[in-house]
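Reader: I would like to be walked through a model, one feature at a time. Please give the general idea, then the case at hand.

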Amino acid sequence: MPSFDEVLKEAGEFGRFQKRVFFLLCQTGVTFSFLFTSVVFLGQASGNYWCRIPGAAELSERCGWSLEEEQNFTVLPLRLGNRSSSGECERLDVAWDASVSCASPLAHYSNGSVGNLPLTPCHDNWVYKQPHSSIVSEYNLVCGNAWMLDLSQAILNLGFLIGAFTLGYAADRYGRILIYLLSCLGVGICGIIVAFAPNFTVFLIFRFLQGVFGKGTWMTCYVIVTEIVGSDQRIVGIVIQMFFTLGIMILPGIAYLVPTWQGIQLAISLPNFLFLLYYWVVPESPRWLLTRKKGEKALKIMHNIAKHNGKYLSPHYSEITISNEEVSNPSFLDLVRTPQMRRNTLILMYAWFTSALVYQGLVMRLGIVGGNLYLDFFISGAVELPAALLILVTIDRIGRRLPFGIGNIVAGIACLITAFLPEDIPWLKTTVATLGRLGITMAFEIVYLVNTELYPTTLRNFGVSLCSSLCDLGGIIAPFLLFRLAAVWLELPLIIFSILAVVCGLLVFLLPETKGISLPETVEDVEQLS
């Protein structure tokens, strides 16, 4: 009986059929990047706002004031009274009623001196010039509540983490395409609920669920693509990453054109419903079907692939070799039971953690610089394209290990140099930091590919999901690490990033090279990798 790879060679390893499925599934990379980075635009600073004095709304209506006039009567006295208060987080401790005059509302209280009036902290009575421009103005995430914006991103990353475990496991148990379609449905529905959330608690709950399902779409589309192409074409995994980068470059355009955060949220969530149409065009992974002892279904799909590719499968391909490994429900112990699997798992977990921590840390560090948010964000995405092109040029010529290791080491050295460059040459600091971003982007994109190639089919989705969950842990820690350490010394986070990345670069050289080999089907295959 022929092996699956032999049948795939005859049916076409990257023919018209695979190209079509590949292009369709790549669109998931665009929508996932929207979800991954959308907080930058959903939670952007809400501009001009102040704390309203109780009774000011009614008085404003009675006196026919514009918002500017109300602001002048509310905030200007704070500045005139030689106070340092801007009127954003505290207000005058007074309440306006029907006895107050429209011409000079504070004369009733101040006895000629506004400076004597006491102040009180503001709790929930803010007025915004652009009330629905972001979640900051929608849910009052200002002053003492500002930390809740960081919480919303941490909750999303927590969703990614839970999604990696639960849906990664489900995709190995119930099939790749079923979990992919359910995840797309989940992202779309949760995205709509997030857009119309009546309060911040509902917003957080469904943002968490959107993270769970979002991770499901990204992980399963990646595995499907890798499993239906031949070993020479597996760099398609890197091209999916380029669509992620494309999403990062498109998002500022959407945010620039759509004035409200609800509009942005709907624009990035609704496309997921279109992916449900893939039910009719993307098949189940034949490799997965074989591991679940469903050889007939797998063969039927292979005949269909051959037909679309203009090829013809020999009649003696009536059965394909099925993995002799007993199908069991995967667990973490399966990933560490044998020596080579254990080494691969521990190094890959560390590589995922480091890639995410350094990547997100450098992105946020560039964001601190300020300037035009839309343009800066677009450029930060464009910087990632050369990384993908470098990988495509090198990965099939010199293998996976060398660019993987060098990417990490270059990122580490760049972070270290950036930390000690003087402040008075900002262009050089930015250039070297960008080189670090290029290096860590390369490492981040290769870890996806290598992770998929180092696990057997029975454990692939679970293995990739488990290892990549460390990426979400890195995403949760990154903002706290960056801002807490920067408070001690601005460049201290860069020193930590540097150490993590260089250690990762050295560990990568202990992994086996996977260039040009067939995807392992069993744990024994993995143990035989040199």
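**Reading the model**

Author: With a relative accessible area of 26%, Glu513 counts as partly exposed. The term covers the range between buried (under 20% relative accessible area) and exposed (over 50%), computed with a 1.4 Å probe on protein chains only. Glu513 sits in the loop between α23 (492-508) and α24 (523-527). Helices are DSSP runs of H or I with at least four residues, strands are runs of E with at least two, and both are numbered from the N terminus. The C-alpha atoms of Glu513 and Ile235 are separated by 14 Å, although the two residues are 278 residues apart along the chain.

Reader: What should I know about the source of the model?

Author: The model is predicted: local features need pLDDT of at least 70, side-chain atom pairs count only at pLDDT 80 or more, and totals for chains, interfaces and linings use all residues. Residues are numbered from 1 along each chain as its sequence is written, and side-chain values use heavy atoms, with hydrogens and water left out.

Reader: Into which domains is the chain divided?

Author: The bounds come from an automatic or database domain assignment. Domain 1 covers 1-45 + 142-324, domain 2 covers 49-114 and domain 3 covers 328-529.

Reader: How many residues does the contact take from domain 1 and from domain 3?

Author: Contact means heavy atoms within 4.5 Å. The centres of domain 1 and domain 3, taken over C-alpha atoms, are separated by 21 Å. Domain 1 gives 50 residues to the contact, and domain 3 gives 48 residues.

Reader: What area do domain 1 and domain 3 bury between them?

Author: Buried area is the accessible area (1.4 Å probe) that two parts lose on being put together, summed over both. For domain 1 and domain 3 the value is about 4500 Å², with 66% of it on carbon and sulfur atoms.

Reader: How many salt bridges does the rule find across the interface of domain 1 and domain 3?

Author: The rule asks for a side-chain nitrogen of Lys or Arg within 4 Å of a carboxyl oxygen of Asp or Glu. Across the interface of domain 1 and domain 3 it finds two salt bridges. Elsewhere in the list of side-chain pairs, Lys215 and Asp472 form a salt bridge with an N to O distance of 2.9 Å.

Reader: How is an aromatic pair read?

Author: A pair of aromatic rings is described by the distance of the centres and the angle of the planes. Rings of Phe, Tyr and Trp (its six-membered ring) pair if their centres lie within 6.5 Å; planes under 30 degrees apart count as stacked, over 60 as edge-to-face and the rest as tilted. The whole structure holds 28 aromatic pairs. In one of them, the ring centres of Trp218 and Phe244 are 5.9 Å apart and the planes are at 45°, so this pair is tilted. Trp218 belongs to helix α10 (residues 200-227) and Phe244 to helix α11 (residues 236-257), so the pair ties together parts that are 26 residues apart in sequence. Both Trp218 and Phe244 are buried.

Reader: What kind of aromatic pair do Trp352 and Tyr448 form?

Author: Trp352 and Tyr448 form an edge-to-face pair, with 4.7 Å centre to centre and 80° between the planes. Trp352 is in helix α17 (residues 339-368) and Tyr448 in helix α21 (residues 426-453), so parts that are 96 residues apart in sequence are tied together. Trp352 is buried at 0% relative accessibility, and Tyr448 is buried at 8%.

Reader: Which residues do ring pairs link into a cluster?

Author: The cluster consists of Phe32, Phe36, Phe160, Trp218, Tyr222, Phe244, Trp352, Tyr359, Phe444 and Tyr448.

Reader: How many disulfides are found in the whole structure?

Author: A disulfide is a covalent bond between the sulfur atoms of two cysteines. The cut-off used here is a pair of cysteine sulfur atoms within 2.5 Å. The search finds two disulfides. Cys51 and Cys122 form one, with their sulfur atoms 1.9 Å apart. Its S-S torsion is about 85°, so the disulfide is right-handed. Cys51 and Cys122 are both buried.

Reader: Is the link of Cys89 and Cys143 left-handed or right-handed?

Author: The link of Cys89 and Cys143 is left-handed, with -90° about the S-S bond. The S to S distance is 2.0 Å. Cys89 is partly exposed at 37% relative accessibility, and Cys143 is partly exposed at 25%.
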